[in-house]
Amino acid sequence: MKFSMIIVLSSTLLFSCTPLAYAQKVASPPAPTPTPSPAPAPAPSPPYVNLTDLLSVAGPFHNFLNYLESTKVIDTFQNQANNTDEGITIFVPKDDAFKNLKKASLSNLTQDQLKQLILFHALPHYYSLSDFKNLSHVSPVSTFAGAGGYALNFTDTSGTVHLDSGWSKTKVSSSVHSTDPVAIYQVDKVLLPEAIFGTDIPPTPAPAPAPDTSPTADSPTSDDSAGAGSAPGKSPPNSSYRINGVGIWSQLVLAIAGVLVLFL
């Protein structure tokens, strides 16, 4: 009897402890959630480049800057410099370059042609001086004005960059500003595109004429030299004249002889 009671009490205690252990197991705190790593900070945007300020300080580039502003091309260049990933490369003539224009006069251009000419002085991409060595292998290069008659040819000669528009040829004489995304280079001449000025490139000076030497056939012959003592303009008697003279004398002698025969 006592033994059965012990079994009953043991079973009761076992069942009463099992839910408690289960509850404790369920009530255990959840594992901590891993904290996500912070996203990398975005790269800082390049500083704003004011082209007007750059061209006003350097140079003097007053003429080119005035054309930029009057044609509104400054807005196109400024947007390309600060709002695109490509950047911009600008070739700027000094004021003296505009004064040295001779045959082509910018005053005769229409407003649209003048705008195209100013756009012709820039490439829609940033190029450092070292980039032009590779750029010379892919010439001609389209400018902001377009391709074809508005393209530029580049050559790199011992580190000196030369530009050829088809009408005018010049070179980069100095670097005004060359920090990505803006490159500004000074050139010696105004770039004149073929699309506006045609292909009538100013001719180079003609070589000096060679001394005038008369051919041997035109020199006097030995026969002519023999008659040099005769009066100018009078040709020597020819053989036909001499033959005619002999014939007249022969006829005269025969006539006289006939007359004498009649009287004898």
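## Helix α6 and its neighbours

In which sense, left-handed or right-handed, does α4 pass α6 in their crossing? The crossing is right-handed. Keep in mind that we're looking at a predicted model here. The axes of the two helices, α4 and α6, come within 10 Å and cross at roughly 30°. That angle is under the 35 degree cut-off, so α4 counts as roughly parallel to α6. On the α4 side, the contact is made by Val73, Thr76 and Phe77, and on the α6 side by Lys115, Ile118 and Leu119.

Helix α3 (residues 62-70) also meets α6 (residues 111-119): their axes come within 10 Å, and the crossing angle is roughly 120°. This makes α3 oblique to α6, and the crossing is left-handed. Phe64, Tyr67, Leu68 and Ser70 are the α3 residues involved, and they meet Gln111, Leu114 and Ile118 of α6. So Ile118 turns up in the contact with α4 and again in the one with α3, a conclusion that needs just the contact lists, with contact meaning heavy atoms within 4.5 Å.

## What gets buried in α6

If you're picking through α6 residue by residue, the buried ones are Leu114, Gln116, Leu117, Ile118 and Leu119. Their cover includes helices α3, α4 and α8 (194-197), along with strands β2, β3 and β4. Leu114 and Ile118 are buried, and both take part in the α3 contact. Ile118 and Leu119, again on the buried list, are in the α4 contact.

## The sheet

Now for the strands. Seven of them make an open sheet with mixed pairing, and the order reads β2-β1-β7-β6-β5-β4-β3. The edges are β2 (122-123) and β3 (141-143); each has a single partner strand, so one side of each has no neighbour in the sheet. Further in, β1 (residues 88-93) pairs with β7 in the parallel sense, over 6 bridges.

Helix α4 comes back into the picture here. Its residues, 73-83, lie across β1, β2 and β7, and the helix runs at about 140° to β1.

## Glutamine 186 and valine 92

Zooming in on β7 (residues 182-187), we find glutamine 186. Valine 92 stands opposite glutamine 186. Is glutamine 186 buried or exposed? Its relative accessibility is 13%, so glutamine 186 counts as buried. Leaving out neighbours within four places in sequence, the contacts of glutamine 186 are Phe61, Val92, Lys94, Lys171, Val172, Ser173, Ser174 and Val176.

Valine 92 also gives us a reference point for asparagine 63: the two are 29 residues apart in sequence, while their C-alpha atoms are 9.9 Å apart in space. Asparagine 63 belongs to helix α3. With 26% relative accessibility, asparagine 63 counts as partly exposed. Setting aside neighbours within four places in sequence, asparagine 63 is in contact with Asp95 and Phe98.

The structure holds 10 aromatic pairs. In one of them, phenylalanine 91 and phenylalanine 132, the ring centres are 6.1 Å apart and the planes are at 55°, so the pair is tilted. Distant parts of the chain are linked this way: phenylalanine 91 is in strand β1 and phenylalanine 132 in helix α7 (residues 132-135), 41 residues apart. Phenylalanine 91 has a relative accessible area of 0%, so it is buried, and phenylalanine 132, at 1%, counts as buried too.

Phenylalanine 132 has another partner in phenylalanine 154; this pair is tilted as well, at 5.4 Å centre to centre with 40° between the planes. Phenylalanine 154 sits in strand β4 (residues 146-157), so the pair ties α7 to a part of the chain 22 residues apart in sequence. Like phenylalanine 132, phenylalanine 154 is buried.

## The whole chain

Stepping back, the protein chain has 10 helices and 7 strands. It runs to 264 residues, of which 27% count as buried. Among contacts with a separation of 6 or more, 65% are between residues 24 or more positions apart. The Phe91 and Phe132 pair, 41 residues apart, is one example of distant parts being linked.

Technical notes:
Residues are numbered from 1 along each chain as its sequence is written. This is a predicted model: local features need pLDDT of at least 70, side-chain atom pairs count only at pLDDT 80 or more; totals for chains, interfaces and linings use all residues. Side-chain values use heavy atoms; hydrogens and water are left out. Helices (H or I, at least four residues) and strands (E, at least two) are DSSP runs, numbered from the N terminus. Buried means under 20% relative accessible area, exposed over 50%, partly exposed in between (1.4 Å probe, protein chains only). Two strands pair if DSSP finds at least two bridges between them. Axes are lines fitted to C-alpha atoms, for helices over the stretch in contact, and angles run from 0 to 180 degrees between N-to-C directions. Rings of Phe, Tyr and Trp (its six-membered ring) pair if their centres lie within 6.5 Å; planes under 30 degrees apart count as stacked, over 60 as edge-to-face and the rest as tilted. Angles under 35 degrees count as roughly parallel, over 145 as roughly antiparallel, 65 to 115 as roughly perpendicular and the rest as oblique. A crossing is left-handed if the near helix is turned anticlockwise from the far one by less than a right angle, and right-handed if clockwise.
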